[in-house]
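Dear colleague,

Please find the structure we discussed placed directly below.

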Amino acid sequence: MRDSELFAHIDEFDMLKDRTFVLCAGPGAAFLDAGFRVLDTTAGESAFVKRLLQYHAKGHPESHGSGQRRADLLSAREKEILVMLVKGMINKEIADRLDIAVSTVISHRNNLCAKIGTRSIGRLTLYAVLSGLVDTDAI
């Protein structure tokens with residue numbers, strides 16, 4: 001669908017604006033002006049994720065309150081370790097900071113990854129942000 005076709009029937013999309021992300025190869029000014037949330041696919045991964053997290057921080061009608069339930073999956077120590085991982089610390093640094101053994105950090109890390117269902121640091125970061133454990137400005 002070309003932009004002109006969409007904008008010819010823009011009123012049909014009004015009810016979807018708060019639940020829709022428009023992916024654009026560029027800034028997508030026309031979509032922004034129309035009130036859509038736009039993600040520039042050419043901006044690079046870091047900028048793309050940061051923009052997505054900014055949109056999430058502003059609120060999404062279906063996500064209110066879900067962050068706390070997500071964070072409740074993890075123990076207090078697992079949350080602490082997750083925050084440190086997201087901030088770029090390695091196992092040894094975390095162990096030194098918490099005054100625990102590296103093997104204990106690895107055990108907590110394995111447990112939190114199993115609970116969240118991923119070992120990807122990117123996904124762990126998204127989980128931490130969406131759960132309210134880490135502010136986007138801290139990463």
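The notes below set out what was found in this structure.

This is a predicted model, in which local features need pLDDT of at least 70 and side-chain atom pairs count only at pLDDT 80 or more, while totals for chains, interfaces and linings use all residues. Residues are numbered from 1 along each chain as its sequence is written, and side-chain values use heavy atoms, with hydrogens and water left out.

Confidence

The chain has an average pLDDT (the predictor's confidence in each residue, from 0 to 100) of 80, and 78% of the residues score at least 70. Among the elements of the chain, the lowest mean pLDDT, 48, belongs to helix H4 (residues 66-71), and the highest, 97, to H6. Over residues 60-69 the pLDDT stays under 50, and the model has 10 contacts beyond four places in sequence for them; contact here means heavy atoms within 4.5 Å. Where pLDDT is low, the predicted coordinates should not be read in detail.

Overall architecture

The chain contains eight helices and two strands, which are DSSP runs numbered from the N terminus (helices are H or I, at least four residues; strands are E, at least two). Along the sequence their pattern is α-β-α-β-α-α-α-α-α-α. Of the 139 residues, 32% count as buried, where buried means under 20% relative accessible area, exposed over 50% and partly exposed in between (1.4 Å probe, protein chains only). Among contacts with a separation of 6 or more, 42% join residues 24 or more positions apart.

The nonpolar cores

A nonpolar core is a set of buried Ala, Val, Leu, Ile, Met, Phe, Trp, Tyr and Cys residues joined through side-chain atoms within 4.5 Å. The largest has 19 residues, of which Leu74, Ile81, Leu82, Ile94, Leu112, Ile116 and Leu124 touch the most other members. Two or more residues come from each of helix H5 (76-86), H6, H7 and helix H8 (121-130); H5 gives the most, with six residues. Apart from this core lies another, of eight residues, among them Phe31, Ala34, Phe36 and Val38.

Helix H5 and its partners

The buried residues of H5 are Glu78, Ile81, Leu82, Val83, Met84, Leu85 and Val86, and they pack against H6, H7 and H8. Leaving aside neighbours within four places in sequence, Leu82 is in contact with Leu74, Leu112, Ile116, Leu124, Tyr127, Ala128 and Leu133.

The axes of H5 and H7 come within 9 Å and cross at roughly 95°; axes are lines fitted to C-alpha atoms, for helices over the stretch in contact, with angles from 0 to 180 degrees between N-to-C directions. H5 is therefore roughly perpendicular to H7, a term that covers angles of 65 to 115 degrees. On the H5 side the contact is made by Arg77, Glu78, Ile81, Leu82 and Leu85, and on the H7 side by Val105, His108, Arg109, Asn111, Leu112, Lys115 and Ile116.

Individual residues

Gly88, which follows H5, has a positive phi near 95°. Asp99 lies in the loop between helix H6 (91-98) and helix H7 (102-116). Its phi is near 55°, a positive value in a residue other than glycine, and Asp99 is exposed, with a relative accessible area of 71%. His56, in helix H3 (residues 45-58), is partly exposed at 23% relative accessibility. The C-alpha atoms of His56 and Leu130 are 7.7 Å apart in space, although the two residues are 74 residues apart in sequence.

With kind regards

How values were computed:
Angles under 35 degrees count as roughly parallel, over 145 as roughly antiparallel, 65 to 115 as roughly perpendicular and the rest as oblique.
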